[in-house]
Amino acid sequence: MPVTYAPLWNTLNERRLTVTQLRISTGIAPNTMTRLRRNEEVSLSVLGRICDFLKCDYGNILKYVPAQLVDYTTRLETFTIKNRRYLGNKYKLLPFISDVVEKHCPDIDSVADIFSGTGSVASAFSNRNLITNDILYSNYICNLAWFGSQDFDENKIGELISHYNSINSDEENYMTRNFADTYFSKADCSKIGLIREDIEKKFKGGFLNERERALLIMTLIYAMDRIANTCGHYDAYIQNAMFERPLFLAFPKASHNNSHENVCYNEDANQLVRRISADLFYIDPPYNSRQYCDAYHLLENVARWEQPEVFGVAKKPDRKNQKSRYCSRNAAEAFEDLIENIAAKYILFSYNNMSNKGNDRSNARMTDDDIFRILAQNGKLQVFEESHRAFSAGKSSIQNNVERLFLCTRK
């Protein structure tokens, strides 16, 4: 019988109880908690223990879910978190990262990914309580879509995606005026502008909740990225290109069963760590001088939808408030401040061996001496390595690139 345990998470939230408190107080095994999060069948004795602990009825912890009228995962093309081109994406390294955590970081219930990017690493820990953060709003929106605790209506999302795909637009709007026949054709720019404006109107009108808004914006971002006239980022577009693939939105395979304790932020990581805590902090800052706000300015522009003036051939808006110190000569200073203010038992830090292997823009901003010094003075340090192909824009030949994980275990 299909059920959802959403009432359980709501009850815990109302009573200010954590999942960890529930698990310890009832003696429920971690794998059973995972089944609850996935809305899978558990025994009546487990449900009885939960009701005894909460002093409530079964209706306060689960409800019957009738079959959906339409299964949009079969009617529409779908996508997952891995279907996104992004500099420094760690999706292919997830087995390596997960293995290190499982073997060397026991008893963790919460994970904070504070330079989360598209959320690939956070997705490996979706069975824990998650904190995600990224300075780019477009990444925050994607993290909120994938990991947000708020529920969403699949039929509503599917119907809107089907409607958006049926649109043929030639209206003039912000996108056509600024980006026609650059990164996208004029027709696709018109459609992007129309869709993005409609999402905002429906959200402000109360038709969409916050997570539904995020899911639709993310769906648009993934669709744009799939057909963009670029080499993978938006520092420039390809001149005199043929626009052969039209914009088409797919259906996001997002979960209804995320922890109600998940929180997504869009802040400077060094400021955020002063206010949050977790069992494990995963840290994956920019490695070199390539600013992410430059590489993804157009997706950021569409996500924010503030419609700013844009400049230059690449059509970039003002981005001075999004520049990362980790792309500058002050990276080591920023890193030291970050580590000293983290409240966690484990700190897992990703950084490659690119100190002097590419061109100057590709070289890492922090030296090994700085990394070892800063981490070693904050706990026991272990280092793990795996070969990994480095990103190249075609101007660098980078050999023997190694991705490294520095694990700092606090005393």
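**Exercise 1. Which residues is Leu-247 in contact with, leaving aside its neighbours within four places in sequence?**

Solution. We're working on a predicted model, so keep that in mind throughout.
- Step 1: go through the contacts. Leu-247 touches Asp-188, Lys-191, Ile-192, Ile-195, Leu-220, Ala-223, Met-224 and Ile-227.
- Step 2: The largest nonpolar core holds 81 residues, and Leu-247 is listed with Met-175, Phe-184 and Leu-348 as having the most contacts inside it.
- Step 3: find the main contributor. Helix α12 (residues 210-227) supplies the largest share of this core, 11 residues.
- Step 4: look for another core. There is a second, separate one of 31 residues, with Phe-281, Ile-283, Ala-364 and Phe-406 among its members.

**Exercise 2. Work out the strand order of the open sheet of 7 strands, and find its edges.**

Solution. 
- Step 1: read across the sheet. The order is β7-β5-β4-β8-β9-β11-β10, and the pairing is mixed.
- Step 2: pick out the edges. β7 (263-265) and β10 (380-387) have a single partner strand each, so one side of each lacks a neighbour in the sheet.
- Step 3: check the twist. From one strand to the next, it averages 15°.
- Step 4: Helix α17 (residues 368-376) lies across β9, β10 and β11 (402-409), at about 20° to β11.

**Exercise 3. Describe the pairing and burial of β9.**

Solution. 
- Step 1: take the β8 side. Strand β8 (residues 280-283) pairs with β9 (residues 346-352) in the parallel sense, over 4 bridges. Here Leu-280 has Tyr-346 as its bridge partner, and Ile-283 stands opposite Phe-349.
- Step 2: take the β11 side. β9 and β11 run antiparallel to each other, with 7 bridges. One of the pairs is Ser-350 with Leu-405 of β11.
- Step 3: sort the side chains. Tyr-346, Leu-348, Ser-350 and Asn-352 point one way from β9, while Ile-347, Phe-349 and Tyr-351 point the other way.
- Step 4: count the buried residues. That gives 7 of the 7, so β9 is largely enclosed by the rest of the structure.

**Exercise 4. Check the length of helix α9 (residues 154-166), then look at its start and its buried residues.**

Solution. 
- Step 1: With 13 residues at 1.5 Å a residue, α9 should span 18 Å.
- Step 2: compare with the model. The end C-alpha atoms of α9 are 18 Å apart, which agrees.
- Step 3: look at the N-terminal end. Asp-153 caps it, with a side-chain oxygen 2.9 Å from the backbone nitrogen of Asn-155.
- Step 4: list the buried residues. In α9 they are Asn-155, Lys-156, Ile-157, Gly-158, Leu-160, Ile-161, Tyr-164 and Asn-165.

**Exercise 5. Where do Asp-107 and Lys-315 sit, and how exposed are they?**

Solution. 
- Step 1: recall the background. Most residues other than glycine have a negative phi.
- Step 2: take Asp-107. Its phi is positive, about 60°, and its place is the loop between α6 (94-104) and β4. With a relative accessible area of 75%, Asp-107 is exposed.
- Step 3: take Lys-315. Its phi is positive as well, near 60°, and it belongs to the loop between α15 (297-304) and α16 (331-340). At 25% relative accessibility, Lys-315 counts as partly exposed.

Technical notes:
Residues numbered from 1 in each chain as written. Predicted model: local features only at pLDDT ≥ 70, side-chain atom pairs only at ≥ 80, totals over all residues. Heavy atoms only, no water. Pairing = 2+ DSSP bridges. Helix = DSSP H or I, 4+ residues; strand = E, 2+ residues; numbered from the N terminus. Axes fitted to C-alpha atoms, helices over the stretch in contact; angles between N-to-C directions. Contact = heavy atoms within 4.5 Å. Core = buried A, V, L, I, M, F, W, Y, C linked by side-chain atoms within 4.5 Å. Buried < 20%, exposed > 50% of the residue type's maximum accessible area, 1.4 Å probe, protein only. Expected span 1.5 Å × (residues − 1). Polar contact = N/O pair within 3.5 Å; in protein donor to acceptor, adjacent residues only side chain to side chain.
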